[in-house]
Amino acid sequence: LNENRIDDALQFAAEAVRLSTRPENFYGSGMAHRVWAETLSRTSPPRWDQAKEHLKISLEIFEHGGALLEAARTRALWGKLARGRGMMAEAREQWSIAAQQFELSGAAVELKQIKSWHAQLPAKSVQTLKIGLSK
């Protein structure tokens with residue numbers, strides 16, 4: 001994916017999902033769905049509806065497995081992808097939830113990144129995140 005080999009990344013993500021279907025492999029499965037979603041968002045044209053389905057699956061897997069920090073990372077990516085499509089309310093919603101978890105987890109670097117992305121939203125849509133980020 002980082003080398004922009006989209007077709008290969010799609011194949012690898014699908015294979016990773018197939019190989020990680022056992023419950024004890026929830027972490028790998030959640031990651032694979034997240035990468036698959038990001039890859040789908042980079043196809044030409046982007047396959048946003050499919051990407052959102054994989055983001056939802058990633059969230060469900062991580063949340064069910066208690067990997068809330070990884071769920072927050074999925075939400076951070078979801079917000080970033082939504083912002084890129086001009087869906088500012090959706091970006092804000094995902095980032096707000098992710099920011100709460102990053103704050104609870106003490107993930108200062110990721111919390112700072114979310115705050116930065118949020119601050120870059122167009123002025124008319126910028127709102128304070130729903131947690132105490134002004135600290």
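The questions and answers below go through a predicted model of one protein.

Me: What percentage of the residues of the protein count as buried?
Reply: A residue counts as buried when its relative accessible area is under 20%. The protein has 135 residues. The share of them that counts as buried is 43%.

Me: Which element gives the most to the largest nonpolar core?
Reply: The largest nonpolar core has 27 residues, and those with the most contacts inside it are Trp-48, Leu-55, Trp-95, Phe-102 and Ile-114. Two or more residues of this core come from each of α1 (6-19), α2, α3, α4, α5 and α6. The element that gives the most, with 7 residues, is α4.

Me: Is Trp-95 buried or exposed?
Reply: Trp-95 is in helix α5 and is among the residues with the most contacts inside the largest nonpolar core. Its relative accessibility is 0%, and the limit for a buried residue is under 20%. Trp-95 therefore counts as buried.

Me: How far apart in space are Trp-95 and Trp-117, C-alpha to C-alpha?
Reply: Trp-95 has its place in helix α5, and Trp-117 is one of the residues that line the largest pocket. In sequence the two are 22 residues apart. In space the C-alpha to C-alpha distance is 8.7 Å.

Me: Which helices do the buried residues of α3 pack against?
Reply: The buried residues of α3 are Trp-48, Ala-51, Lys-52, His-54, Leu-55, Ser-58, Leu-59, Ile-61 and Phe-62. An α-helix has 3.6 residues a turn, so residues three or four places apart point the same way. The buried residues of α3 pack against α2, α4 and α5.

Me: Which residues is Ile-61 in contact with, leaving aside its neighbours within four places in sequence?
Reply: Ile-61 is in helix α3 and counts as buried because its relative accessibility is 19%, where the limit is under 20%. The C-alpha atoms of Ile-61 and Ser-29 are separated by 7.5 Å, although the two residues are 32 residues apart along the chain. With those neighbours left aside, the contacts of Ile-61 are Phe-26, Ser-29, Gly-30 and His-33.

Me: Which residue just after α4 takes a positive phi?
Reply: α4 has 17 residues and reaches 24 Å from its first C-alpha to its last, close to the expected 24 Å. Its buried residues, including Ala-76, Leu-77 and Trp-78, pack against α2, α3, α5 and α6. Just after this helix, a positive phi of about 80° is taken by Gly-86.

Me: Which residue has a positive phi although it is not a glycine?
Reply: Gly-66, which follows α3, has a positive phi near 80°, but the residue asked for is not a glycine. It lies in the segment before α1 and counts as exposed at 54% relative accessibility. With a phi of about 65°, the residue is Asn-4.

Me: Which two residues does a cis peptide bond join?
Reply: One of the two lies in the loop between α2 and α3. Omega for the bond is about 0°. The residues joined are Ser-44 and Pro-45.

Me: How many residues of the lining of the largest pocket are charged?
Reply: About 180 Å³ of space lies in the largest pocket. At least two lining residues come from each of α2 (26-41), α4 (68-84) and α6 (108-119). The lining includes Arg-34, Glu-38, Phe-102 and Gln-113. It divides into 5 nonpolar residues and 1 polar residue, and the number of charged residues is 5.

Terms used. Residues are numbered from 1 along each chain as its sequence is written. This is a predicted model: local features need pLDDT of at least 70, side-chain atom pairs count only at pLDDT 80 or more; totals for chains, interfaces and linings use all residues. Side-chain values use heavy atoms; hydrogens and water are left out. On a 1 Å grid over the protein atoms alone, a cavity is a set of points where a 1.4 Å probe fits but cannot get out, and a pocket is an open set with protein on both sides within 12 Å along at least five of seven lines; lining residues have an atom within 4 Å of a point. Grid points are joined across faces, edges and corners, and a volume is the space filled by probe spheres set on the points. Helices (H or I, at least four residues) and strands (E, at least two) are DSSP runs, numbered from the N terminus. Ala, Val, Leu, Ile, Met, Phe, Trp, Tyr, Cys and Pro count as nonpolar, Asp, Glu, Lys and Arg as charged, and the others, Gly among them, as polar. Buried means under 20% relative accessible area, exposed over 50%, partly exposed in between (1.4 Å probe, protein chains only). Contact means heavy atoms within 4.5 Å. A nonpolar core is a set of buried Ala, Val, Leu, Ile, Met, Phe, Trp, Tyr and Cys residues joined through side-chain atoms within 4.5 Å. The expected span of a helix is 1.5 Å times one less than its number of residues.
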